[in-house]
Amino acid sequence: MSVKWLDRKFVLEHEKPQNGRDTMVDRQTSGLPLSEVVERLPQLVNGNPALLRRGKYVTTDIMLEIGPIPLHVAIIAGRIETLSRGPLLMRSWSFAVRGREQTWRRFWAVHPEPRFHDIFALAKFGEFRIEGDFRPLMTNLLYFKGLLESPRVLADER
Amino acid sequence: MTATIDPIVGRYVYLDLQGRPHRIYFEEAGAGIPLLCLHTAASDGRQFRHMMTDKDITDHFRVIAFDMPWHGKSTPPDGWQDEEYQLTTDAYIELIRTFRDALGLKKPVALGCSIGGRIVLPLAMRHAKEFSALIGLESAAYQTGWYDSSWLHRPDAHGGEVCAGIVSGMVAPQSPSSNRWETLWHYMQSGPGVFKGDIYFYRADSDLRPNLDKIDTSVCPLYLMTGEYDFSCTPENTLETAAEIPGAEVVIMKEIGHFAMSENPKKFRQYLLPVLESIKARHRRTR
């Protein structure tokens, strides 16, 4: 086998953190605390007319688990109406996307690394768990991908 | 007033495939070594329009791309309405060889992506002498699944939207927006059940690893090119396959996903042109 590498060394495993800090992630992700990033979700979604047009038939509650914190997102006709930080007793949701804080941060980089750039890539390699009723997700897939990826525009903010 | 017209010509050829008449649409541009291009599942020959308008390619290669039956402008065979479309390895090989012979292409280069990349491996195993080189984009002998393909064809899910939604993550984040969305538009236009039927090909012949020893790259050179953002066929999948094929050449493409020729043609050509130079050089030596 003759292998031609890229213009940089191709790393089969993702770059390991140096001294406890992942320098690649730090260069690309937002310096904002994750709590501030998620609080901007309603503004990012509701201020995007193209995304709202995609989601006009979407009315459901979903849950995003960011590390230990469950975040309940109530959507009506594509708009995020409420964002509630859990844990909350007996709160229902149609589907959930669960991941570690660091995984969400890497997913929200402006140009995420391979395998951290798509929810199904993350699920395939065990970084995200997607569970519940897949019907609202799959029947509005581009809308939900747009919603989940929307914080990437914040990645330049420090 | 003059308008820009691409130097691409499209025509129809009538082929008998699996004992049934088919009308197959194909496009071509350029002159020289025949370069037969095989599109991805659910899409069609439009994925190769950038290669067909690249003079560095078309000055030396006759670039040809057909739309598979049930795809693009190649309608399904008569009676399709009562059938479930399912692609098989044998049917796909028959299509490629029958089309090649119908156009009188002598030992073409075949370049395929995704299912087109995958079929390059059985072509190398069974028909290496009939091609002057084989290029597999996003190709591997074995890949693990990551979604339930029944979602691709259900009455409660818009087929075009769900097909595009599933593959959207296979486009690299760096790919230009207009190329990304044109690639996804092709998926949105695929016929009902066609993507699902194409994926059947992966399930029916899911593991080609036991037969990789049948590939002799001294008979026909083999190039495997995979984008680093492809998580369906990962660079690791391709490297594992190539490790079992002495003489196989591997190119891992930075900042490219599953649809190299369509999602980022400017970046893709940086990787493709050296491969084509190598093929041209071999062609000159062996003529």
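Predicted model: local features only at pLDDT ≥ 70, side-chain atom pairs only at ≥ 80, totals over all residues.

Me: What rules out a bond at the sulfur of B:Cys113?

Reply: Distance. The closest cysteine sulfur, in B:Cys233, is 9.4 Å away. A disulfide needs two cysteine sulfur atoms within 2.5 Å. So the sulfur of B:Cys113 is too far for a bond.

Me: Are B:Cys113 and B:Cys220 buried or exposed?

Reply: B:Cys113 has a relative accessible area of 0%. B:Cys220 has 3%. Buried means under 20%. Therefore B:Cys113 is buried, and B:Cys220 counts as buried.

Me: Where is B:Ser74 found, and is it buried or exposed?

Reply: B:Ser74 is in the loop between strand 4 (61-66) and helix 3 (89-102) of chain B. Its relative accessible area is 1%. The cut-off for buried is under 20%, so B:Ser74 is buried.

Me: What is B:Ser74 in contact with, leaving aside its neighbours within four places in sequence?

Reply: B:Ser74 is in contact with B:Arg23, B:Ile24, B:Tyr25, B:Asp67, B:Met68 and B:Pro69.

Me: Why is helix 5 of chain B said to be largely enclosed?

Reply: Count the buried residues. Seven of the nine residues in helix 5 of chain B are buried, so the rest of the structure largely encloses that helix. The seven are B:Gly160, B:Val162, B:Cys163, B:Ala164, B:Gly165, B:Ile166 and B:Val167.

Me: What do the buried residues of helix 5 of chain B pack against?

Reply: Elements from both chains. In chain A they pack against helix 7 (134-139) and helix 8 (141-149). In chain B they pack against helix 6 and helix 7 (194-204).

Me: How many residues of chain B and chain A are in contact?

Reply: 38 residues of chain B are in contact with 28 residues of chain A. The area buried between the two chains is about 2900 Å². Carbon and sulfur atoms give 63% of that area. B:Trp151, B:Tyr229 and B:Phe231 supply 18% of the area that chain B buries against chain A, more than any other three residues.

Me: What makes B:Glu161 and A:Arg54 a salt bridge?

Reply: Their closest N and O atoms are 3.5 Å apart. The rule asks for within 4 Å. The pair passes, and B:Glu161 forms a salt bridge with A:Arg54. Across the interface of chain B and chain A the rule finds three salt bridges. Ten residue pairs between the chains are in polar contact. On the side of chain B that touches chain A, the residues divide into 23 nonpolar, eight polar and seven charged.

Me: How many salt bridges does the rule count over all chains?

Reply: 29. One of them joins the side chains of A:Asp118 and A:Lys145, at 2.7 Å from N to O. This pair links distant parts of the chain, 27 residues apart. A:Asp118 is in the loop between helix 5 (101-107) and helix 6 (119-124) of chain A, and A:Lys145 is in helix 8 of chain A. A:Asp118 and A:Lys145 are buried.

Me: What about B:Arg11 and B:Glu28, where do they lie?

Reply: B:Arg11 is in strand 1 (residues 9-17) of chain B, and B:Glu28 is in strand 2 (residues 20-29) of chain B. Their side chains meet in a salt bridge at 3.1 Å, N to O. The cut-off is within 4 Å.

Me: Why is B:Arg11 called partly exposed and B:Glu28 buried?

Reply: B:Arg11 has a relative accessible area of 45%. Buried means under 20% and exposed over 50%, with partly exposed in between. So B:Arg11 is partly exposed. B:Glu28, with 12%, is buried.

Me: Which parts does the pair of B:Arg97 and B:Glu130 tie together?

Reply: Their side chains meet in a salt bridge at 2.8 Å, N to O. B:Arg97 lies in helix 3 of chain B, and B:Glu130 lies in the loop between helix 4 (115-126) and strand 6 (133-137) of chain B, so the pair ties together parts 33 residues apart in sequence. B:Arg97 counts as partly exposed at 28% relative accessibility. B:Glu130, at 22%, also counts as partly exposed.

Definitions and conventions: Residues numbered from 1 in each chain as written. Chains lettered and ligands numbered in written order. Heavy atoms only, no water. Contact = heavy atoms within 4.5 Å. Buried area = accessible area lost by both parts, 1.4 Å probe. Polar contact = N/O pair within 3.5 Å; in protein donor to acceptor, adjacent residues only side chain to side chain. Nonpolar A, V, L, I, M, F, W, Y, C, P; charged D, E, K, R; others polar. Buried < 20%, exposed > 50% of the residue type's maximum accessible area, 1.4 Å probe, protein only. Helix = DSSP H or I, 4+ residues; strand = E, 2+ residues; numbered from the N terminus.
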